[in-house]
Number of protein chains: 2
Amino acid sequence: MEPLKIGVAGLGTVAGGVVALLQRNAETLARKAGRPLALVRVASRSPKRGIDLGGAAFTTDLDALHGPDIDVVVELIGGEQRAAQLVRRALQGGQAVVTANKAILARYGDELLSLARAQGVGLGFEAAVAGGVPIIGALRQGLAANRVLTVAGIVNGTSNYILTAMAEQGAAFAEALAQAQAQGFAEADPAYDVEGIDAAHKLTILAALAFDMSFQFDKVYTEGISRITEEDLDYAKELGYRIKHLAIARRTEQGVEARVHPTLVPQRSLLAGVGGVMNAVWVEGDAVGATLHYGAGAGAMPTASAVVSDLIAIARGGALDYPVGRRPHKVLSIEQATCAYYVRIPSLDAPGVFAEVAATLGRHGISIEGAIQRHRAVRSGAGSGSWVPIVILTASVREQTMTSALAQVQRMPQVVGGIASIRVEHLMG
Amino acid sequence: MEPLKIGVAGLGTVAGGVVALLQRNAETLARKAGRPLALVRVASRSPKRGIDLGGAAFTTDLDALHGPDIDVVVELIGGEQRAAQLVRRALQGGQAVVTANKAILARYGDELLSLARAQGVGLGFEAAVAGGVPIIGALRQGLAANRVLTVAGIVNGTSNYILTAMAEQGAAFAEALAQAQAQGFAEADPAYDVEGIDAAHKLTILAALAFDMSFQFDKVYTEGISRITEEDLDYAKELGYRIKHLAIARRTEQGVEARVHPTLVPQRSLLAGVGGVMNAVWVEGDAVGATLHYGAGAGAMPTASAVVSDLIAIARGGALDYPVGRRPHKVLSIEQATCAYYVRIPSLDAPGVFAEVAATLGRHGISIEGAIQRHRAVRSGAGSGSWVPIVILTASVREQTMTSALAQVQRMPQVVGGIASIRVEHLMG
């Protein structure tokens with residue numbers, strides 16, 4: 001059979017992994033694909049470095065990938081505008097595309113999928129979410145019989161590494177971040193990862209597939225991990241929870257919740273056991289119930305694993321897209337979301353404070369499911385007098401109700417510092 | 001577009017789930033499949049019961065499913081001979097097949113896949129392993145770029161329920177089994193589940209897909225959970241492990257290991273956290289590293305989720321099979337397997353016994369990684385004198401070396417009872 005002729009755009013870490021994997025497993029891949037996967041050309045604006053490209057040509061001209069001698073363009077240059085342009089041009093010219101670029105999918109997913117469909121060519125993006133974990137395939141195919149109810153993932157390895165280091169070593173955020181940077185798990189500018197933007201890109205894609213909806217990146221509520229303290233990690237542990245940075249999309253009667261934020265999850269849940277840079281995505285469907293999909297979320301070879309699996313699918317002529325259009329589900333604002341909460345209230349160590357907090361929450365219809373209160377010494381910067389943090393776990397409540405209840409508690413004269421609140425999800429089963 | 005015309009054979013629990021799911025999610029399914037999934041006929045030798053078949057016809061004649069008005073036959077009658085015959089006849093007549101029947105795949109997988117390939121029709125069996133967990137799709141597609149190194153699964157819910165109950169409630173095997181039977185998680189004759197036959201069927205399928213090899217059910221080493229004691233669960237816990245019933249296939253230089261047996265896994269591993277009737281499959285690939293795939297392994301709706309996902313793939317014209325033939329990898333005998341071991345040796349509470357055991361193991365080149373030894377009172381039935389169990393964790397060793405070392409230890413006069421040994425796997429990452 002005719003080989004599948006592949007052009008790779010980019011020559012960074014992942015591209016290096018793809019090139020290596022295509023060579024290393026050539027025989028296995030050809031058997032599974034039904035024909036050889038032939039790397040014809042690699043294009044990168046930066047120089048070739050020392051990478052062995054096998055028999056493939058190298059060029060610094062990205063446009064050289066568009067032509068009849070390339071069946072499928074693998075977009076691994078990253079960034080947004082140039083990458084999107086490359087993908088568009090390939091699809092318009094009838095070339096299939098495989099990309100690991102979550103940003104362009106999150107922003108232009110509707111357009112790019114429509115274009116691929118109109119042209120009748122494959123658009124693979126297994127590598128765009130959770131690296132080597134085959135979660136895109138699971139949503140597209142293995143779980144396709146379900147009405148998905150919830151998708152919740154640890155999809156940013158950097159944030160998970162930092163939270164794991166904080167929980168296990170009692171490190172502060174800045175310290176754990178520095179450690180992640182030293183290990184090469186975090187960029188010099190870590191905002192993209194630790195402020196949740198990367199996770200929001202991935203959630204946009206997960207939600208689009210899970211709910212067969214349009215890509216609505218600008219509607220995703222996004223909160224990072226930089227305000228998580230060792231104190232909160234300790235209290236969470238005492239209450240039987242861990243803190244993870246989750247990307248959550250949930251179907252409700254009113255619309256779809258789509259939110260990225262630090263989250264308390266039960267210590268006994270599988271998500272709590274996902275440590276270091278690993279990723280995991282929890283999917284609950286109406287028929288299948290709860291499922292979990294775990295693996296390496298980044299790195300040259302895990303990401304290459306996903307890219308090459310898409311190449312195999314394209315070589316076999318498999319459909320890489322749903323045959324029909326996406327639906328414009330309404331995405332709820334964060335105020336409309338429903339969640340349980342962990343709340344830490346720095347308050348004076350005086351009689352009746354807890355009772356007054358509880359009464360305020362009660363007036364808002366918020367039930368208390370658990371609490372920690374103990375007397376302890378004055379802490380630095382907390383003003384005069386002895387004070388204690390009141391720590392409360394609530395039942396599920398509408399976010400805007402919680403916000404107004406906490407605003408009222410914050411105004412209590414006995415409350416001596418800013419209230420910390422972290423959402424809670426019980427993803428068990 | 002033309003609907004996909006479906007005939008279902010069988011009307012048990014899973015068939016009921018499939019029929020219900022096709023009705024409940026009809027609109028979603030049609031959108032994902034690109035055309036309606038139309039249930040045309042249900043055939044079962046037992047009467048119809050009260051199941052709502054929608055517009056589908058009912059017949060007690062299984063042969064009525066073979067004909068031009070049925071595109072795909074869903075085999076859910078179970079058993080072996082009649083089911084295999086039904087699948088063969090469907091494929092021979094150019095009908096696609098979806099089956100949840102692990103036994104016929106384990107025994108006739110090579111023949112049935114060849115037949116499907118020769119006829120150019122799909123043969124879907126996502127439901128045959130780990131119920132709703134899309135592990136077949138992951139091996140076929142999402143992880144296809146990898147040379148798989150290890151597959152290890154908790155694939156029998158009954159055994160996992162019993163081991164979980166024993167560990168959490170301190171129940172004895174018989175007690176936990178009775179509990180599983182009372183809850184409907186175990187059959188009146190539980191041998192198929194607790195002796196590991198069901199898991200061995202599933203492992204045969206996993207190994208065939210993971211290593212692109214022939215189905216070699218008769219080569220799978222199979223050991224059940226009935227000899228696991230509360231004592232072993234307790235010692236395992238003390239050493240930082242849980243005992244799970246695993247189905248393991250591993251690629252080695254010498255051949256493929258394929259074995260089903262109780263296994264100590266580290267308490268911190270994700271597999272240790274898989275409780276109750278849930279299933280999980282661990283897959284390690286050369287590119288992706290470690291992955292885990294978790295969900296409900298049985299039940300009407302989870303299994304129906306898998307069956308219907310195969311129907312969607314068939315409706316979309318997706319390839320459900322590798323396009324090329326399988327390879328006859330050599331399966332190693334259990335004596336040739338390599339594993340770490342937990343060993344419990346009932347011995348007299350006398351000086352020097354531990355040292356002599358250690359020396360015997362050492363002469364066989366077996367390293368000790370951990371041990372528990374404490375003095376305690378005589379136990380009933382253990383003969384005269386005071387005795388203690390010596391509990392040892394070893395490093396990895398060839399099984400036949402372990403067997404001969406333990407035979408020698410067993411002959412020591414200070415050893416007062418049968419030695420228990422359980423294999424250990426460190427599936428972390």
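# Strands, sheets and contacts in a predicted model

Student: What makes strand 12 of chain A and strand 12 of chain B a pair?
Tutor: This is a predicted model. In it, strand 12 (residues 289-296) of chain A meets strand 12 of chain B over 4 bridges, in the antiparallel sense. A pair needs at least two bridges, so the two strands count as paired.

Student: Which residue is the bridge partner of A:Tyr294?
Tutor: B:Leu292, in strand 12 of chain B.

Student: How many residues does each chain give to the contact?
Tutor: Chain B gives 49 residues and chain A gives 49 residues. Residues are in contact if their C-beta atoms lie within 7 Å.

Student: Which elements of chain B give two or more residues to the side that touches chain A?
Tutor: Helix 2 (26-33), helix 5 (135-142), strand 12 (289-296) and helix 11 (300-315) of chain B.

Student: How many residues of each class are on that side of chain B?
Tutor: The side of chain B that touches chain A has 25 nonpolar, 18 polar and 6 charged residues.

Student: Why does strand 3 of chain B count as an edge strand?
Tutor: Start with the sheet. In chain B, 6 strands form an open sheet in the order 3-2-1-4-5-6, with parallel pairing. Strand 3 (57-59) and strand 6 (123-124) of chain B each have a single partner strand, so one side of each has no neighbour in the sheet.

Student: How do you know that strand 1 and strand 4 of chain B pair?
Tutor: Count the bridges. Strand 1 (residues 4-9) and strand 4 (residues 72-75) of chain B share 4 bridges, in the parallel sense. The cut-off is at least two, so they pair. In one of these strands, strand 4 of chain B, B:Glu75 is the bridge partner of B:Ala9.

Student: What is the strand order of the open sheet in chain A?
Tutor: The order is 3-2-1-4-5-6, and the pairing is parallel. Strand 3 (57-59) and strand 6 (123-124) of chain A stand at the edges, because each has a single partner strand.

Student: What joins strand 1 to strand 4 in chain A?
Tutor: 4 bridges join strand 1 (residues 4-9) to strand 4 (residues 72-75) of chain A, and these strands run parallel. A:Gly7 stands opposite A:Val73 in strand 4 of chain A.

Student: Into which domains is chain A divided?
Tutor: Domain 1 (4-128), domain 2 (135-296 + 327-334) and domain 3 (337-424).

Student: How far apart do the C-alpha centres of domain 1 and domain 2 of chain A lie?
Tutor: They lie 28 Å apart. Each of these two domains gives 10 residues to their contact. On the side of domain 1 of chain A, these are 5 nonpolar, 1 polar and 4 charged residues.

Methods:
Residues numbered from 1 in each chain as written. Chains lettered and ligands numbered in written order. Predicted model: local features only at pLDDT ≥ 70, side-chain atom pairs only at ≥ 80, totals over all residues. Nonpolar A, V, L, I, M, F, W, Y, C, P; charged D, E, K, R; others polar. Domains from an automatic or database assignment.
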